[in-house]
2 protein chains.
Amino acid sequence: MATTGPQKPVSGTQGRRSTIRDVARQAGVSVATVSRVLADNYPVTHATRAKVLRAVRQLDYVANAHAKALAGTGVETLALVLDDITWSAFAQIGAGVEQEAARRGRLCLVCTTQGDRQRELAVVNLMREQHAAAVILVGGIQYTAEYRERMSQFARSLDSVGSRLVLCGRPPLGEDLPATVVEYDNEGGAYGATAHLLSLGHRGILFVGVQEGQSTADGRLVGYRRALADYQVPAVPALEREAVFQRDAGLRAVREALRERVAFTAVFAATDMVALGALEALREAGRRVPEDVSLVGYDDIPMVSELTPRLTTVHVPYQELGRTAARLVLDRREGIGGAEDRVRLSTHVVVRGSTAPPPAPVPA
Amino acid sequence: MATTGPQKPVSGTQGRRSTIRDVARQAGVSVATVSRVLADNYPVTHATRAKVLRAVRQLDYVANAHAKALAGTGVETLALVLDDITWSAFAQIGAGVEQEAARRGRLCLVCTTQGDRQRELAVVNLMREQHAAAVILVGGIQYTAEYRERMSQFARSLDSVGSRLVLCGRPPLGEDLPATVVEYDNEGGAYGATAHLLSLGHRGILFVGVQEGQSTADGRLVGYRRALADYQVPAVPALEREAVFQRDAGLRAVREALRERVAFTAVFAATDMVALGALEALREAGRRVPEDVSLVGYDDIPMVSELTPRLTTVHVPYQELGRTAARLVLDRREGIGGAEDRVRLSTHVVVRGSTAPPPAPVPA
DNA sequence: TGAGCAAAAGAAACCGTTTTCTAACTCTGT
DNA sequence: ACAGAGTTAGAAAACGGTTTCTTTTGCTCA
C-alpha cells in the first residue's frame with residue numbers, strides 16, 4: 001500500500017535561507033537600500049534598483065514574514081475556529097471567510113476543535129500569540145453562564161492585544177463587550193418551515209433535534225413552537241424529540257417515535273443531516289415521503305436537492321455569513337467608518353418535493 | 001437585514017500589548033528570567049517563578065509568536081493550498097491534514113485558488129515567506145510540461161528555505177525532486193468500477209468526464225479503457241464524453257449522449273458530482289436507475305449513500321490522504337528515520353443500489 | 001573564616017526586517 | 001568657486017523574544 005522512494009538524506013539540498021543582508025552584500029549596497037527597493041517606498045536610482053533586483057533573483061530571496069510582522073509590516077491573519085471542516089455548513093462559512101480574506105490580502109488560519117471546549121480555549125490563546133487580526137468562532141454552542149463568562153474573557157483579552165473576537169452563527173454576548181457578531185435568523189427559519197407545514201394542513205409535526213441549551217437547537221425549537229402557537233396548535237411534548245445534529249441521531253429519534261406510535265404527519269428535522277436519518281427511519285417503516293409523511297430539513301446543504309424526493313428545507317446563507325464576518329472585522333480594522341458589529345442575515349424556506357398536504361384520513 | 005449596534009470608538013479598549021519586558025518589570029526580574037520561567041528550561045527558584053507567573057497573570061501576557069519564530073522557537077505551520085474548500089473531497093483532505101497537524105502541535109494555513117494557477121504561484125511564494133514547514137498542494141491539475149516546470153521550481157525553492165512541497169492527489173514529479181507525493185490509486189479505482197459494470201454484463205458503458213490533460217480525469221479514463229480492453233470490449237469514442245467535474249457538466253454530457261442516441265446501458269461518471277448530473281439527465285429521459293441504466297460515480301462523497309438509489313461509487317480515502325501527507329512531512333522534519341516521500345493509497349469500489357445487470361433485451 | 005563551587009539571576013548579542021536620522025553626494029544659481 | 005537645496009545612500013535603533021556568557025549569591029567544607 002505504501003511504497004518508499006529512493007532514500008535521500010533527510011535534510012534535502014537545503015542551504016541556509018538567504019537574508020536581506022545576503023542580498024545587500026551581493027548587490028554591494030546596504031540593507032536599508034534593499035528594503036527600500038523591495039518596498040518601493042523611497043527614491044532609489046535606477047542603477048541601484050537594478051543591482052538589488054538582480055541580487056534578489058540570483059539568491060531567490062523572499063523576505064521573512066515573521067521579521068516583517070515584528071517590524072510592523074507583514075500580512076495580517078484571520079483565525080477561523082470551528083468544530084469540523086467536513087460539515088458542509090462550516091465548510092461554506094470557511095469558504096466565505098477565506099474568500100473575503102484573500103480578496104483583501106489576508107491569510108487564513110484554520111483550527112478545528114471537534115466540539116472540545118478545552119481545545120477551543122487553547123486555540124484562542126494560540127491565536128492571541130499569533131497576532132491574528134481576528135478570531136472567528138463558528139457554530140452553535142452550549143449556551144451556559146460558564147460559556148458567556150469564557151467568551152467575555154476571550155473578547156476582552158483579544159481586544160486588549162488589538163485583535164477581535166467574532167461570533168459567527170453563535171448567539172451574541174452582552175452589549176458592551178468588544179466582539180463582532182454575525183448571526184442568521186435561526187428562529188425565523190424554523191418558524192417559516194413549521195408555518196409551511198401548518199399551512200399545508202399538518203397538525204402533528206414531529207420536531208427532531210431538541211438539545212437543551214444548545215443555541216442553534218434552542219433557536220429552532222423556539223421557532224417551531226412559536227409557529228404552532230400562532231396557528232393555535234397545542235405543543236405536545238411527545239412530538240419534541242431529542243437528537244444531536246447527526247444522521248444517526250435523527251434515525252434513532254424517528255424510529256423511536258414510530259415505535260411509540262406518536263401521531264404525526266410531518267417531520268421537521270432541525271438539520272438536513274438529521275432529516276436524512278429521519279428519511280431512512282420513515283422508509284424502514286414503509287411511510288412514503290411526502291405522501292404519508294412530509295419532511296423538512298434545515299441548512300440547505302448542497303446535496304439535499306439531489307435526494308428523492310428533493311428535500312424542502314430552510315436555506316441559510318452560510319457562505320455569505322463567512323464573508324460578512326470577514327468583511328466586518330476587516331472594515332473595522334481599516335477604520336472604515338461605521339463598521340457594524342452586529343449583523344443578522346435572513347433565512348428562508350425553500351419548498352421542494354418532500355412536503356405535501358397530509359393524507360386525507362388523519363391517522364389516529 | 002443588517003442592524004448596527006451602539007457606536008463605539010473603532011479602536012475599542014485596546015491598550016498596548018504587554019511584552020516580556022513589561023512582565024519582567026512588573027515581577028522585578030530580568031527578561032531572561034521571565035523567558036526561562038515560561039520555557040521551563042532552566043533552574044529558577046520557586047519564589048522567582050511565582051513572582052513571574054503572577055505578573056504574567058496580572059498583565060494577561062502572551063508571547064509574540066513572530067518574535068518567537070524569529071528567535072527560532074515558535075510553532076510551525078503547514079500550508080494547505082486547494083481549489084475550493086466546499087468540495088467535499090477537498091474538505092476531507094483538509095480535515096485530515098488539520099487533524100494530524102493539530103495532533104502534533106502545528107498550525108494550519110489554508111488558501112484557496114479557485115483553480116487559478118496565477119494565484120497558486122502567488123500563494124506558494126507567500127508561504128515561502130511565511131516559513132511554512134510544508135506547502136501541501138491538493139487536487140488534480142492540467143498536467144503539462146509547463147506545470148512540471150513550475151512545480152519543479154516550487155519544489156526546489158521551497159527546499160532551499162527548508163520547507164517542503166507536498167503533492168496530495170496529484171501526479172508525482174521527477175524522481176530527483178525534493179517533494180513528497182501522496183496519491184491514491186486513481187486508475188485502479190476506475191478499473192474496478194468499470195470491471196464491476198462489465199461483470200454485470202454491461203457492454204455499452206458511457207464514460208462521462210473526459211478532460212484532456214487533467215491528471216485525475218486522465219487517470220480515471222485510462223482505468224476505464226484498461227478494463228474494457230481486459231474484457232475485450234472495444235472502446236468506442238462516442239462513449240467517452242467530455243465533462244468538467246461538476247454536476248451541470250454531467251447533466252449536459254448525458255443529455256447530449258441521449259440526444260445522439262448513443263447506445264449504452266451504464267454510465268460511469270468520473271465524479272460523484274458528475275453522477276448527480278447524469279442521474280438527472282437519465283430521469284428526464286425516463287430511464288430508470290438501475291433497471292434501465294446502471295450508474296457509477298467516483299469519490300464516495302458522504303451524501304451519495306443517501307440518494308435513491310444509493311450510488312455505487314469508488315471510495316477514495318481522502319481524509320487518510322490528508323493525514324498521511326501531514327504525517328510524512330512532519331516525520332521527515334522531526335528526522336524520523338526512513339520517512340517515505342512517496343505513498344499511494346488504495347481505492348475500492350463500493351457497490352450500492354445504482355448498479356444492476358443490463359435489461360434483458362438490449363436496446364438498439 | 002575564607003577558599004571553592006554550584007546555583008540562580010542578569011547583560012547583551014542575536015534572529016531579519018523597517019525606518020528614522022544622519023551623511024554624502026550632485027546640482028543650481030550667483 | 002561655493003553656499004544651499006535636493007537627492008540617494010548608509011548607520012543604527014527599534015520590534016519582542018531566546019540564549020550564551022558573565023556575574024552575583026549562597027553554600028559546603030577544610
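**Strand β2 of chain B**

I looked up β2(B) (107-112) and found both of its faces covered, with L107(B), L109(B) and C111(B) buried on one side and C108(B), V110(B) and T112(B) buried on the other. I took a residue as buried if 20 or more other C-beta atoms lie within 10 Å of its own, as exposed if 12 or fewer do, and as partly exposed in between, with C-beta atoms placed from the backbone. Strands (E, at least two residues) and helices (H or I, at least four) are DSSP runs, numbered from the N terminus. In a regular strand the side chains alternate between the two faces of the sheet. Because six of the six residues of β2(B) are buried, the strand is largely enclosed by the rest of the structure. I then checked its pairing: β1 (residues 77-82) of chain B runs parallel to β2(B) over six bridges, where strands pair if DSSP finds at least two bridges between them. Within this pairing, C111(B) is the bridge partner of V81(B).

**Model and numbering**

I noted that this is a predicted model, in which local features need pLDDT of at least 70 and side-chain atom pairs count only at pLDDT 80 or more, while totals for chains, interfaces and linings use all residues. Residues are numbered from 1 along each chain as its sequence is written, and chains are lettered from A and ligands numbered from 1 in the order in which they are written. For chain A the mean pLDDT (the predictor's confidence in each residue, from 0 to 100) is 92, and 94% of its residues reach 70 or more. Residues 1-12 of chain A fall below 50, and beyond near neighbours in sequence this stretch has 18 contacts in the model; a contact means that two C-beta atoms, placed from the backbone, lie within 7 Å.

**Between the chains**

I looked up the interface next, where 63 residues of chain B are in contact with 62 residues of chain A. On the side of chain B that touches chain A, the elements giving two or more residues include α5 (88-103), β2 and α6 (117-129) of chain B. By class, that side has 27 nonpolar, 22 polar and 14 charged residues, counting Ala, Val, Leu, Ile, Met, Phe, Trp, Tyr, Cys and Pro as nonpolar, Asp, Glu, Lys and Arg as charged, and the others, Gly among them, as polar.

**Around DNA strand C**

I found 27 residues surrounding DNA strand C, the closest being I20(A), A32(A), S35(A), P43(B) and T48(B); a residue is near the strand if its C-beta atom, placed from the backbone, lies within 6 Å of it. This surface divides into 16 nonpolar, nine polar and two charged residues, and α2(A) gives the most to it, with six.

**Backbone checks**

P290(B) sits in the loop between α11 (272-284) and β9 (294-296) of chain B. H131(B), in the loop between α6 and β3 (134-138) of chain B, has a positive phi of about 60° although it is not a glycine, and it counts as buried because it has 21 C-beta neighbours inside 10 Å. D300(B), in the loop between β9 and β10 (313-315) of chain B, has phi near 60° and is buried, with 25 other C-beta atoms within 10 Å.
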